[in-house]
Every structure is written in C-alpha cells, then in structure tokens.
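Please keep the sequence and the structure in view while reading.

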Amino acid sequence: MDLISTLLAIIALVGLVAAVLALVAPGILLGFVPANKKKQAERHLGGTLTSRLPAFAVFFGIFLLAGGIGSSLDSKADDATVAPQAKTAKSEAAPDKGGKEAAPATPQEASISARALCNTFEENEVAANKRYMDKKIVVSGTISEISTDFTGDPEITLGFGDFEIAGVVCEMANDDGLENLSKGQGIKLKGKVAGYALGFVQMEDCKIVK
C-alpha cells in the first residue's frame, strides 16, 4: 500500500509540473524567438493561451486523479489500522450492565490437567507462581500413588508414569472416599497450590471433585 501511494504521489507531481509547463513554457520560449520568426514558432509551440489549454487540462487532470486515488488509499489504510485498535480497547474496557468493568476470569476458577500444571511451572516458575500460588484450582490426572506424609495426613499423587520424576502431590483435607480409589484411576481434585519443588507441584487442603 505504501509503494502504491508513493507511485501515485510521483505521478501526481509529474502531472502538475507538466500542466504548469504546458501552460507557461511556450510563452517563455517565444520570448527568446526573434520577431520575424514568432509566427512560425507559435504554430509549433502553441503560442496562444487557447491552444495551450487542452494540454494543460490533460496534465492537470492526471494530477487530480492520481492525487485523489492516493488520498483515498491512505484514508482506507488509516481506517483499517484504527478500527482493530478501537475494537480491542473497547473489548478490554467494556463495562458490565452495572456500569463496572467486567473482571477477567481469576485463577481460583481455573481447571487444569496435572501435566499442564507441571509444564507451566517447569517453563516459567515465576509466572506460574503469580498465576497459581495460594489459589484454589481443580486439577485432573491419573493417580500414581495413594499414601500419607510424615505427619500421617493422606496424600494423592497425580503422576505421568514410573520413569518420569514429576507430578502433582495433593495433601488431602481428610481421608473421605480414599478407600475406594486405586492407582491408575482418573480423578479430579480441588485444592490450593502451595509450592513447587524438584518437578512436583504441591497442593494442600484437597478434596475429591465428583
């Protein structure tokens, strides 16, 4: 679009210069012609103003046409640039029916797989901490271990296989329903993200989501 606009501007400029030259150049050149040869020169150069007008009109028309098209293209390009920006700004600041800005979905409402949660912490622990730490989420995965910690509290580990040292360790709020669970079973747990260490996301106060 910029190249086309530039070419049209050049054409418009050339048309304007040519129009001016068509109008005034013959008169200037005739000023240097001897009086006894002016009649003959006027026939070749278009000495009268009336005879110069058609050429002037053609070149001036080229100037107006090229300039008009260039301005139209620039205007459309500006509109195309501004419209998405205005739409984005409107969507980001759109108020709800009560006149307040709509709040984005919070991490407390997040539902994520154990694999995706671990990957998020592995890729950028700082960003993952800001997003999930001390927030309640629902995590889904496959049970790799049902055990108790050193204080005797029940834990469920969501893992990814015997040869992968990573997973989500969920400290349970109580042992309700744990007797009906088994390794390899799919499950959803809701709890608070408490930390991350050595490939394992730690969650606490977890409950089974039915």
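Alanine 116 lies in helix α4, where helices (H or I, at least four residues) and strands (E, at least two) are DSSP runs numbered from the N terminus. The model is a predicted one, in which local features need pLDDT of at least 70 and side-chain atom pairs count only at pLDDT 80 or more, while totals for chains, interfaces and linings use all residues. Residues are numbered from 1 along each chain as its sequence is written, and side-chain values use heavy atoms, with hydrogens and water left out.

Alanine 116 counts as partly exposed because its relative accessibility is 27%; buried means under 20% relative accessible area, exposed over 50%, and partly exposed in between (1.4 Å probe, protein chains only). Its C-alpha atom is separated by 9.4 Å from that of valine 139, which is 23 residues away along the chain. The buried residues of α4 are Ala114, Leu117, Cys118 and Phe121. These four lie on the same side of α4, because they cover an arc of only 95° around the axis, the arc being that of the directions from the helix axis to the C-beta atoms.

Leaving aside residues up to four places away in sequence, methionine 203 touches several residues, including Leu117, Ile137, Val168 and Val193, where contact means heavy atoms within 4.5 Å.

The whole structure holds 2 salt bridges, each a side-chain nitrogen of Lys or Arg within 4 Å of a carboxyl oxygen of Asp or Glu.

| Salt bridge | N to O distance |
|---|---|
| Arginine 115 and glutamate 164 | 2.6 Å |
| Lysine 192 and glutamate 204 | 3.4 Å |

Lysine 192 lies in strand β5 and glutamate 204 in strand β6, so this pair ties together parts that are 12 residues apart in sequence.

Aspartate 149, found in the loop between β2 and β3, is buried yet has no salt bridge, the nearest side chain of opposite charge being lysine 192, 14 Å away; Lys and Arg count as positive and Asp and Glu as negative, whereas His and the chain ends are not counted.
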